[in-house]
Amino acid sequence: MKQPGMKMKRFFLIALLLCGLPLAAHFPVIVDTEENKGLISGVTFTPLQLGIGFLDHAQVFDGNSHCFAALGLLGLLQQSGEVSFAPVNMLRYNFFLQTGALTNISENNFFLTASPCNLANKNYGLQAGLFNYSVRDTGLQIGLFNLGSLVQIGLINADGNFQIGLLNYNSRGWLKCMPLINFSADF
């Protein structure tokens, strides 16, 4: 027997995959020091990380370093960062701003991720984009399609605790599907 909301969840997953998210296999972000070597190794903090990304020795410092600002051409994989700009970003801890032309993936977002597609294991801050996905019910999502955050504002929202949008689905809500506003009983 199918659970209620499976169609909505499938819709979101298909939409995310169509947006070019084969990188979801890397989620949550695990930085492996053997695979993410930079030109300079053994540095735990750097003010600036530069790199092409996804290639061995294609960034200045190792991927397990913490950096203040990271700039990448193709994508970056970092332990943590305060400001990260690349078409594809993967951070274990985003402490301030993570933005990209395609996708942001963070295990823990504490302030803002902004790109067309945002994935976060724990979103304590804000995800802003066309497609936003969070595993845990924390934080705020603003976008066209939102899945799994505490507060959601968008066109279509699913499994948020408080939702404002054209269509809102909440598997824990008193009414599962509602237009304009929906909320769950455990909010």
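These are my notebook entries on a predicted model of one protein chain.

**Ground rules.** I number residues from 1 along each chain as its sequence is written. In this predicted model, local features need pLDDT of at least 70 and side-chain atom pairs count only at pLDDT 80 or more, while totals for chains, interfaces and linings use all residues; side-chain values use heavy atoms, with hydrogens and water left out.

**Confidence.** I began with pLDDT, the predictor's confidence in each residue, from 0 to 100. The chain averages 80, and 78% of the residues score at least 70. Over residues 20–33 the pLDDT is below 50, yet I found 34 contacts in the model for this stretch beyond near neighbours in sequence (contact means heavy atoms within 4.5 Å).

**Elements.** I then listed helices (H or I, at least four residues) and strands (E, at least two), which are DSSP runs numbered from the N terminus.

**Pairing.** I looked up which strands pair, meaning that DSSP finds at least two bridges between them. Strand β1 (residues 45–51) pairs with strand β2 (residues 66–72) in the parallel sense over six bridges. β2 also pairs in the parallel sense with strand β3 (residues 76–85), over five bridges. A70 is a handy spot to look at: A70 in β2 is the bridge partner of Q49, and A70 also stands opposite S84 in β3.

**Burial and surface.** Of the 187 residues, 48% count as buried (under 20% relative accessible area, with exposed over 50% and partly exposed in between, using a 1.4 Å probe and protein chains only). The chain exposes about 9,000 Å², and carbon and sulfur atoms supply 72% of it (Shrake-Rupley method with a 1.4 Å probe).
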